[in-house]
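Please look over the structure below, with attention to its aromatic rings and its helices. A short report follows.

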Amino acid sequence: MEFYWVNIGATHKTVIDQHFLWAPKSSVNKVGNEVTRLYWDNVGKVRQGDIIFCCYDQRISFLAIADGDSYTEERPMTRAFQEWDALGNRVNVQIVELDRKVHRDEIATEFIARFNNRTAPSLFSSQATLNQIYMAHLPADAGMYLLEAVNQTTRCEEAFISSGMTEPAKISATTREALMMSRIGQGKFRADLIKRWHGRCALTGLQNVNLMVASHINAWALSNNAERLDVENGLLLAPHIDRLFDQGLISFSESGTLQISPMLSGEDRVIFGLDRFKQIDALTRENFSYLERHRKRFSFI
């Protein structure tokens, strides 16, 4: 299961009424040269079950779920598509209406910080406006973030769990429940982390188990099912430390030393008390393996 974002303008009514998305394979510019675009090519990469966040009038207005793989199709014979070349890629979709439509401004700042550099092509400009593109491919953790924003996570949890299977064996009801609970830092995953870290924040030492967050090192959405339940893929963290870690504003080196993003100002560091905490002790080899993935994801290495 992959995630995409599509900016819809004049074709909005057609998409809603006829349940498809279409983009040209190429176009011809003013000097007669053929032009291709990644944001057109992405339509040709969509496969059955993929989820597309449809943005209209600056809002995520509905979801489109691919009914099947994309395929080559001539330009639709409607006015909305008349400016394009004759051949393109089409994907037929189911439309999922949203009770909560999310404006771009609600998500721009966090999306830019966490996901924009891993979106192909990038979704937002440096001014936090949407780039003039058609379809962007999103990393899985960005997809989960947007599903949470539009209150649609329960619709897709099953698909995430199915895509996280390394073998076709059937998952027991108990394991399935544990996987779903682990996404929000609850259930067996949380209990295992509390035991592993003796109820204390791994970095600060704060000991109030009611405040602790069971945080995945490699994000739940980016992990397979075994990794989602693996205690070595977790840190027990105070809420503010969890938030910094989850957004990639801090990470930890191959020796466990605290690394701080330049996006945090000196004042931020003082307010969070980060200069008081130098490293996490008692990390395992498996912890370090997951932390390497976290550092790569947020460009610490």
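## Aromatic rings and burial

Eight aromatic pairs turn up in a search of the whole structure. Rings of Phe, Tyr and Trp (its six-membered ring) pair if their centres lie within 6.5 Å; planes under 30 degrees apart count as stacked, over 60 as edge-to-face and the rest as tilted. Two of the pairs are set out here.

| Pair | Centre to centre | Angle between planes | Class |
|---|---|---|---|
| Tyr39 and Trp40 | 5.9 Å | 80° | edge-to-face |
| Phe245 and Phe252 | 6.0 Å | 40° | tilted |

This is a predicted model: local features need pLDDT of at least 70, side-chain atom pairs count only at pLDDT 80 or more, and totals for chains, interfaces and linings use all residues. Residues are numbered from 1 along each chain as its sequence is written, and side-chain values use heavy atoms, with hydrogens and water left out.

Tyr39 is buried, at a relative accessible area of 18%, and Trp40 is buried too, at 8%. Buried means under 20% relative accessible area, exposed over 50%, and partly exposed in between (1.4 Å probe, protein chains only). Phe245 and Phe252 are both buried. Elsewhere, ring pairs join Phe3, Phe53, Phe160 and Trp220 in a cluster.

Two arginines sit over rings. Arg90 lies over the face of Phe20, 4.0 Å from the ring centre, and the charged end of Arg196 is over the ring of Trp197, at 4.1 Å from its centre. For such a charge, NZ of Lys or CZ of Arg is within 6 Å of the ring centre and within 35 degrees of the ring normal.

## Helix H4 and the whole chain

The chain has eleven helices and 13 strands. Helices (H or I, at least four residues) and strands (E, at least two) are DSSP runs, numbered from the N terminus. Helix H4 covers residues 140-149, and eight of its ten residues are buried, so the helix is largely enclosed by the rest of the structure. Among the buried residues of H4 are Asp141, Met144, Tyr145 and Leu147. Asn151 follows H4 and has a positive phi, near 60°.

Of the 301 residues in the chain, 49% are buried. The C-alpha atoms fill a box of roughly 65 × 50 × 35 Å along the principal axes. Among contacts (heavy atoms within 4.5 Å) between residues at least 6 apart in sequence, 64% join residues at least 24 apart.
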